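These are my notebook entries on a structure that I had not examined before. I set down each matter as I looked it up.

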2 protein chains.
Amino acid sequence: MSRAEQLREVFAECGIGAALEVVGERWSFLILRGAFNGLRHFEEFQTNLGIARNILSNRLGRLVEHGILRRDPDPADRRKVTYRLTEKGRDLLPVLLSLRQWGERWISGHPSNPVLVDRYTRQPIAPMMVQSADGRELSLRDMEWVDREDLDRESNAA
Amino acid sequence: MSRAEQLREVFAECGIGAALEVVGERWSFLILRGAFNGLRHFEEFQTNLGIARNILSNRLGRLVEHGILRRDPDPADRRKVTYRLTEKGRDLLPVLLSLRQWGERWISGHPSNPVLVDRYTRQPIAPMMVQSADGRELSLRDMEWVDREDLDRESNAA
DNA sequence: CCTTTCCGTTGCGATATGCAACCTACTATC
DNA sequence: GATAGTAGGTTGCATATCGCAACGGAAAGG
């Protein structure tokens with residue numbers, strides 16, 4: 001097995017590694033943040049993020065390849081191309097929000113702008129947290145890592 | 001203000017960028033995954049992840065610098081150094097879990113091992129989701145990006 | 001002593017990124 | 001319909017980061 005294949009295994013043996021293979025490169029998260037905030041066109045991403053054009057091109061291509069963004073011609077202006085989130089891409093919102101809330105709390109020290117609010121109550125969304133199946137908030141002390149097979153044996157024994 | 005300028009402001013201050021400066025490099029998330037799974041020693045990280053030793057040294061140093069890991073001598077063996085998560089580091093759990101769940105759902109297609117369970121009910125934890133302040137699950141359609149000052153004006157007007 | 005283990009560091013080649021210039025469609029203006 | 005400008009790239013080249021293997025000091029262990 002080649003070194004590259006070994007690495008791929010290391011990355012892929014866990015959902016985190018699998019996810020990072022797709023969105024773990026530099027700029028990918030920032031491009032996605034832009035997409036969630038309404039950026040659609042190449043030039044918008046480029047000027048707003050200050051990313052190098054070749055890298056932006058590469059990242060957009062990768063995100064499209066992996067089905068996270070959809071690439072369509074702009075019907076209003078045939079020079080333009082629109083990049084938008086697919087469902088797979090939109091489903092990354094919890095990742096982005098967790099990261100953002102952590103950054104606000106521990107690095108920048110203050111909430112950033114704009115705020116994501118409940119459209120109807122106008123209240124900012126709640127902090128992301130880990131919850132039990134029945135909705136209680138869990139801290140690390142309340143949790144345990146269990147091998148999947150051991151867990152199956154437990155439930156069979158019960 | 002032009003649309004481009006509006007967008008520039010949107011991105012100027014954001015916790016995501018701040019967070020990525022600290023944990024956005026290659027391997028950082030995987031090292032943290034290891035730490036959450038109980039890895040403590042340099043050699044454990046190295047053999048478990050297959051990461052190059054110089055890079056591992058660099059990343060551990062950065063994570064310690066930023067207060068995400070604590071570096072202590074091992075009282076039982078003075079050759080050894082233990083790296084453990086600080087509170088700031090443990091607070092990254094929602095990020096890691098969101099990423100992992102996304103990877104399981106959209107990339108690897110199956111849950112990975114081991115599973116994080118509620119210590120008492122033995123049930124796997126719930127999927128990470130975005131919630132309103134009063135605990136309802138929100139989808140993107142239920143939410144809206146609002147400028148912080150506009151939001152303040154809204155609440156004053158009400 | 002002598003060997004092994006642990007946590008790095010160093011040198012060097014390979015890969016990824018940044019920057020500027022260039023290119024091809026298409027659009028807008030006159 | 002010639003000219004200029006815009007959108008979305010590509011290409012060449014410099015720099016930064018990464019991966020690998022070899023080496024080193026300090027502490028166990030025998």
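How many residues does the contact take from chain B and from chain A? I noted first that this is a predicted model. The contact takes 73 residues from chain A and 72 residues from chain B.

**Entry 1: the side of chain B that touches chain A.** I looked up which elements of chain B give two or more residues to this side. They are helix 1 (3-12), helix 2 (15-23), helix 3 (28-36), helix 6 (87-90), helix 7 (93-108), strand 3 (115-118), strand 4 (143-146) and helix 8 (148-157). Helix 7 of chain B supplies the largest share, 15 residues. By class, I found 40 nonpolar, 15 polar and 17 charged residues on this side of chain B.

**Entry 2: strands across the two chains.** I then turned to strand pairing. Strand 4 (residues 143-146) of chain A and strand 3 of chain B run antiparallel and are joined by 4 bridges. As one example I recorded A:Met143, whose bridge partner in strand 3 of chain B is B:Asp118.

**Entry 3: how the copies are related.** I asked which rotation superposes chain B on chain A. It is a rotation of 180 degrees, with 0.1 Å of shift along its axis, and the RMSD is 0.2 Å. This is therefore the relation of a two-fold axis. I also noted that 92% of the contact residues of chain B recur in chain A, so the same surface serves both copies. Among the residues of chain B, B:Val95 comes closest to the rotation axis, its C-alpha lying at 2.7 Å.

**Entry 4: DNA strand D.** I counted 21 residues around DNA strand D, of which A:His41, A:Phe42, A:Asn54, A:Ser57 and B:Arg78 come nearest. The elements giving two or more residues to this surface are helix 4 (42-49) and helix 5 (53-65) of chain A, and helix 5 (53-65) of chain B. Helix 5 of chain A gives the most, with 4 residues. The classes near DNA strand D are 11 charged, 6 nonpolar and 4 polar residues.

**Entry 5: DNA strand C.** Which residues are the closest to DNA strand C? Of the 20 that surround DNA strand C, they are A:Arg78, B:Phe42, B:Glu43, B:Asn54 and B:Ser57. Two or more residues come from each of helix 5 of chain A, helix 4 (42-49) of chain B and helix 5 of chain B. Helix 5 of chain B has the largest share of this surface, 4 residues. I recorded 10 charged, 6 nonpolar and 4 polar residues near DNA strand C.

Conventions. Residues numbered from 1 in each chain as written. Chains lettered and ligands numbered in written order. Predicted model: local features only at pLDDT ≥ 70, side-chain atom pairs only at ≥ 80, totals over all residues. Near = placed C-beta within 6 Å. Nonpolar A, V, L, I, M, F, W, Y, C, P; charged D, E, K, R; others polar. Contact = placed C-beta atoms within 7 Å. Pairing = 2+ DSSP bridges. Least-squares fit on C-alpha atoms with pLDDT ≥ 70 in both.
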